[in-house]
Amino acid sequence: MCQNCQKKPVFKLISGESLCKNCFLRYFEKKVRKTIRVHKLIDKKDEIAVAVSGGKDSLTVLDLLCNIYKENKNVRIKALLIDEGIDGYRDASVAHAKKFCKERNIPLEIHSYKKEFGFTLDSVVKGRKPCSVCGVLRRNLLNTHARAMGVKKLATGHNLDDEAQTIIMNQFRKNVEASARLGPLTGIEDHEGFVRRIKPLYFMSEKEIMTYAFLKGIVDDFNECPYNKESYRNQVREMLNQFEELYPGTKHSIVTSFMEVLPLLKQKEKGNGRIKQCQKCGEPSSQDVCQKCIVLQQIKSA
Ligand code: SF4
Ligand code: ZN
């Protein structure tokens, strides 16, 4: 029975507590509000773009932020979607995101690889790692379009599971600099060329978000990108899921212990990687030529 009100439980927390529908929704929203407040993710007059894919995580963030700030006209929320061109997957999620935004009167901007780069992701992945190409190009488009929209922050649907995977991936690859950029508020310091990213679902697990999205009717199917299975991230995800099964709380421990050392990592990396301008496209970059231009060059010369 639900710990608080003795009704039928719908979710068991890692602490062992069981919660009914209403208590679970309250618990979830309270924890997200706390993340926003404690980590100072949103200022009083911020304009926010939410990076939506049409999936459960990003639409949950969009829904929550719209509800939290519905009485506050100084915080304005918009949605930004990048269509990579993934057959049999993206069309349905774009349609769902459009419907979702229309019903709630949220302005939505859509940009595609096809229009921006002249190709779809499907047409260039042969012989390449799809997620490496996709991640670099999407990051670039999200940043340039969020900047053009004039927003202060870009909210994403990254959750506790995603972050635990990224922390472990960075450790396995000895990428301390990338780890220093993590956290609920990403980046090390402000830079006019980068829109800082915020992750309101940072401490929410994938299971919690699935339950929340389902109970609130945010999504009714949980389709995955067909390329997901091929990724390095997916191997780390499966490994962590196995550990979580055997030792409940593993992912939570990875993220919370990481949060304790994160201020030291940010301090260490501060001022280290001077931001330059990409010699080809002028976008901010840690190298002479940015990753997007390197990927585009490789695709062009293949
Ligand atoms: Fe892109 Fe990989 Fe994510 Fe699919 S799973 S949307 S290819 S990053
Ligand atoms: Zn460039």
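Across the interface of domain 1 and domain 2, two residue pairs are in polar contact, both at pLDDT 80 or more. A polar contact is a pair of N or O atoms within 3.5 Å; within protein, one must be able to donate a hydrogen and the other to accept it, and residues adjacent in sequence count only if both atoms are side-chain atoms. This is a predicted model: local features need pLDDT of at least 70, side-chain atom pairs count only at pLDDT 80 or more, and totals for chains, interfaces and linings use all residues. Residues are numbered from 1 along each chain as its sequence is written, chains are lettered from A and ligands numbered from 1 in the order in which they are written, and side-chain values use heavy atoms, without hydrogens and water.

**Domains and their interface**

- The chain divides into domain 1 (38-271) and domain 2 (273-302), with bounds from an automatic or database domain assignment.
- Their C-alpha centres lie 22 Å apart.
- Domain 1 puts 16 residues into the contact and domain 2 puts in twelve residues (contact: heavy atoms within 4.5 Å).
- About 1200 Å² is buried between domain 1 and domain 2, 68% of it on carbon and sulfur atoms (buried area: accessible area, 1.4 Å probe, that two parts lose on being put together, summed over both).
- R128, V136 and G271 supply 33% of the area that domain 1 buries against domain 2, more than any other three residues.

**Salt bridges**

- The count between domain 1 and domain 2 is one salt bridge (a side-chain nitrogen of Lys or Arg within 4 Å of a carboxyl oxygen of Asp or Glu).
- E283 pairs with R147 in a salt bridge, the closest N and O atoms being 2.8 Å apart.
- On the side of domain 1 that touches domain 2, α6 gives the largest share, seven residues.
- That side divides into seven nonpolar, six polar and three charged residues.
- The structure holds 20 salt bridges.
- R76 and E47 also meet through their side chains in a salt bridge, at 3.5 Å from N to O.
- R76 lies in strand β4 (residues 76-83) and E47 in strand β3 (residues 47-52), so the pair ties together parts 29 residues apart in sequence.

**Ligand 1**

- Around ligand 1 stand L121, C131, C134, R138, C225, Y227 and N228.
- Helix α6 (residues 130-149) gives the most to this shell, with three residues.
- The shell residues divide into five nonpolar, one polar and one charged.

How values were computed
Near = heavy atom within 4 Å. Helix = DSSP H or I, 4+ residues; strand = E, 2+ residues; numbered from the N terminus. Nonpolar A, V, L, I, M, F, W, Y, C, P; charged D, E, K, R; others polar.
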